[in-house]
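Hello,

Here is the structure I promised to pass on. Please open it first, then read my notes below.

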Amino acid sequence: MEERKIETNYKVFGYDELAAEDRELVDAAKAMTRTSHAPYSKFHVGAAIRMANGGIVRGSNQENAAFSSGTCAERTACFQASALYPGMPMRKIAIAAWTRLHHPEDAPEELCFQNKPISPCGSCRQALLEYEAAYGPIEVLLYGRDGVAVLPSVASLLPLCFTTF
Ligand code: THU
């Protein structure tokens, strides 16, 4: 028997420490929480992808009464990006979450962004990985009011991932 270990290194930046173009990407993800359709969870997620041509493709979570038909912000964004620009590398994705759950009704909008970043669900990791495996690393920026976690790739969020068959 051989024991192996998996470690993930990532960085946490203050929002103001980010490069201007990364702040722009995070701001786009935050803004996209406003377009979320989340009448069931009331948890609004936004995602913004920096494409290789410098443009930004956006997405938000879209829920549905048939719960399994809904989709997360990250998949909305990466499917949209691939549909609009097939084959174009996705360089970075920023993700932000906003909810009034656990806040008073009159809490300022900005305070309703999560303090701690949320991280993509397993299905979104797998979906993003497909584009990363094909077109190169996608840096992941997870926005929280307490700091922005930056991971170098989707694979770093999905060790022992499935890519080929
Ligand atoms: N959600 C996302 O859009 N992205 C994530 O990373 C986690 C969860 C959505 C799915 C559902 O609409 C709501 O948040 C609550 O789980």
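Strands S2 and S3 pair in the antiparallel sense, over 5 bridges. This is a predicted model, so please read everything below as computed from it. The two strands form a hairpin, with 4 residues between them. Gly54 sits in that turn and has a positive phi of about 90 degrees. Ile49 has its bridge partner in S3: Val57. S3 itself is mostly covered, with 4 of its 5 residues buried.

Ile49 leads on to the core. The largest nonpolar core has 26 residues. Ile49 is among those with the most contacts inside it, along with Cys78, Met90, Ile93, Ile95 and Val140. At least two residues of this core come from each of S2, helix H2 (73-84), S4, helix H3 (122-135), S5 and S6. A second, separate core has 17 residues, including Ala48, Ala94, Ala96 and Cys112. In soluble globular proteins, nonpolar side chains tend to be buried together.

Take a look at Met90. Leaving out residues up to four places away in sequence, Met90 touches Ile49, Cys78 and Tyr131, among others. Gly136, Pro137 and Ile138 are also among its contacts.

Now helix H1, residues 20-32. H1 has 13 residues and reaches 18 Å from its first C-alpha to its last, close to the 18 Å expected. Which residues of H1 are buried? They are Asp22, Leu25, Val26, Ala28, Ala29, Lys30 and Met32. The cover over these buried residues includes strands S2 (43-51), S3 (56-60), S4 (90-99), S5 (139-144) and S6 (147-151).

Best wishes

Definitions and conventions
Residues numbered from 1 in each chain as written. Predicted model: local features only at pLDDT ≥ 70, side-chain atom pairs only at ≥ 80, totals over all residues. Heavy atoms only, no water. Expected span 1.5 Å × (residues − 1). Buried < 20%, exposed > 50% of the residue type's maximum accessible area, 1.4 Å probe, protein only. Contact = heavy atoms within 4.5 Å. Core = buried A, V, L, I, M, F, W, Y, C linked by side-chain atoms within 4.5 Å. Pairing = 2+ DSSP bridges.
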